[in-house]
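Thanks for coming. I will go through one model today, with the sequence and coordinates on the screen.

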Amino acid sequence: MLWFIKFKLRKLSKRAEPSSEFQAALRKELLSRVPQRPWLAVIMRPVAVTASLAAMLGAGTASYAYASDDVLPDHPLYPMREQVEQLVKTVAVTPKAQAAVQLAFVKRRVREMEAMAARQRPLERRQLEKFEREFGQAMTAGGKLDNGERAKFDDKLSAAELAQVKVLQGVRERMRDEQGKQEVENIIKDETRKITEKIDQLREKRQDQFERQLKRREAIQQQLPWKIENDDVRILPVEAEDAPIDATGTVPTLGIRKDERPALRDQADSRPTQKPVPPPSNREPIRAKLRTLIERGGLRVLRRRDGGIQLAATTSTPSGIRLLLKDINQRLMREPELLENDKLPTTN
Amino acid sequence: MDKRFFAAFYDKHFKAIYKFVYFRVGANKEQAEDLTQDVFVKAFGAFERYDPKISGSAWIYTIARNHIINQAAKNRPQVDLEEIEDTDWDRQDWDGVMELRHDEQRLLKAIDQLPGDEGKLVRMKYLEGWRYEEIAECLNRSSGGLRVQACRALKKLKAILKQK
């Protein structure tokens, strides 16, 4: 007889159907606020690009210039190859397509260098700079992929970079004069340094991004309130009512006036810069959540010299919970009564 | 996300959000329209900051839920905000809602008697029209688990209605 209950529920749901006039009116109102691009440009741009690409490739010469491995940087048709490559980049719209195109071009540059080296033609500085530029663009494009795809992409990009280094080392070995060898050696070192710097910057950025995701996930699992503030996930924030909604739609954060925003603090500064918030009448839910967190995370409750309370991780604390601690301790500094009266063993 | 994609987002989520709001304002159509408008205006304002990797359903659901909570807090300033946050369903006196028939009022009161999570699931799935996958994203659970729980909840609902 469950079908009958479902039938009654669906019938009741139909009572709550919005009026089509209201739906249409609200839609019209909201869309009237969307900044308009000239409709012609919106429609025609990708069409124009695809059309000119098709025309060029259809013409034969451009197709040859783009596809043939004989068209190298010192070939007269090389500029045409570069133009076609620019058009191909423009047509790639999705992050996946962009990353694939950039990776393909990095591999192309390596093949060009291999071919130049094999034909004993001199490698120019311009080629190496072009490789470095396209490698940087490929890393940026790869940064927009999902975690699983990004890992595979990074592997392929690293393989291309390794191939390029081997080409340069091959060129160096074939050189007869010492000065030429030293120059190529310097180029290799310079390239490696620049690419390593780019990788380190990107790694740091990706690590920050990943940590933010982990922090948010942990907050949800521990059922602690959270919000996005200044591009970071803040745990146990002091909310402002009716502030505009943030990107994740959780506790409101943006639109707070500058004079209402809490001051940014130095990470090493443990002194509170804000007055303690007077506790509302019932903090029991947050207290209960903190007690559960302490238990799950194997956290130590420390008593500071100034009498305040702080939570510290132990070797058994999961990494997700460690990420939450800084924000929680900041909140405990303002509201020590959240744990003050609890009968928890403390360490001085 | 670019605001030019907002139309498709609006079309996809409008009905579910309207119904979500409707059943939280005592089946009052005017109030439901006002609050739904507020929710979508807020969503529109924040749309450029919306990351499409986050589920759209979960995002707009959270905006709607927070807005309802804020409105409830305004109407009941003496009550602690945390108490309201834990009360997902603004319990109505369904007997007083003239737009609903007697059997509909009975059904809504019976849903109120279901335990928290089950009541929420029945409302979202059968009254508001969310799909299991969307509910799973909003509540951070698996859709398979939700299906099993929904079946259990309907059986309890049937038992409650039989008792009355």
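I start with a definition: contact means heavy atoms within 4.5 Å. This is a predicted model, in which local features need pLDDT of at least 70 and side-chain atom pairs count only at pLDDT 80 or more, while totals for chains, interfaces and linings use all residues. Residues are numbered from 1 along each chain as its sequence is written, chains are lettered from A and ligands numbered from 1 in the order in which they are written, and side-chain values use heavy atoms, with hydrogens and water left out.

With that cut-off, what is Arg109(A) in contact with, leaving aside its neighbours within four places in sequence? The partners are Tyr78(A), Arg81(A), Glu85(A), Lys130(A), Phe131(A) and Glu134(A). Arg109(A) itself sits in helix 6 of chain A, residues 95–118. Helices here are DSSP runs of H or I with at least four residues, strands are runs of E with at least two, and both are numbered from the N terminus. Is Arg109(A) buried or exposed? Its relative accessible area is 2%, so Arg109(A) is buried. The scale is as follows: buried is under 20% relative accessible area, exposed is over 50%, and partly exposed lies in between, with a 1.4 Å probe and protein chains only.

Now the chain as a whole. Chain A contains 12 helices and 5 strands. Its length is 348 residues, and 38% of them count as buried. Among contacts in chain A with a separation of 6 or more, 58% come from residues 24 or more positions apart.

Next, helix 5 of chain A. Residues 78–91 make up this helix, 14 residues in total, and from first C-alpha to last it reaches 20 Å, close to the 20 Å expected at 1.5 Å a residue. The expected span is 1.5 Å times one less than the number of residues. Its buried residues are Tyr78(A), Arg81(A), Val84(A), Glu85(A), Leu87(A), Val88(A) and Lys89(A).

Two of those residues pair up. Glu85(A) and Arg81(A) form a salt bridge through their side chains, at 3.8 Å from N to O. By salt bridge I mean a side-chain nitrogen of Lys or Arg within 4 Å of a carboxyl oxygen of Asp or Glu. The two residues are 4 apart in helix 5 of chain A, so about one helical turn separates them. An α-helix has 3.6 residues a turn, so residues three or four places apart point the same way.

For contrast in setting, take Asp306(A) and Arg304(A), which form a salt bridge with the closest N and O atoms 3.3 Å apart. Asp306(A) is exposed at 60% relative accessible area, and Arg304(A) is partly exposed at 24%.

In chain B, Asp112(B) and Arg123(B) form a salt bridge with the closest N and O atoms 4.0 Å apart. Asp112(B) is buried at 14% relative accessible area, and Arg123(B) is buried at 3%.

Back in chain A, salt bridges that share partners join Arg81(A), Glu85(A), Lys89(A), Arg108(A), Arg109(A), Glu112(A) and Glu134(A) into one network. A search of the whole structure gives 25 salt bridges over all chains.

Helix 7 of chain A, residues 125–142, holds Leu128(A). Leu128(A) is buried, with a relative accessible area of 2%. From Leu128(A) to Arg109(A) the C-alpha distance is 8.8 Å, for 19 residues in sequence.

Last, the interface. Chain B contributes 53 residues to the contact and chain A contributes 44. Together they bury about 4,700 Å², 62% of it on carbon and sulfur atoms; buried area is the accessible area, with a 1.4 Å probe, that two parts lose on being put together, summed over both. Between chain B and chain A there are 5 salt bridges. One salt bridge joins the side chains of Asp11(B) and Arg27(A), at 2.8 Å from N to O.
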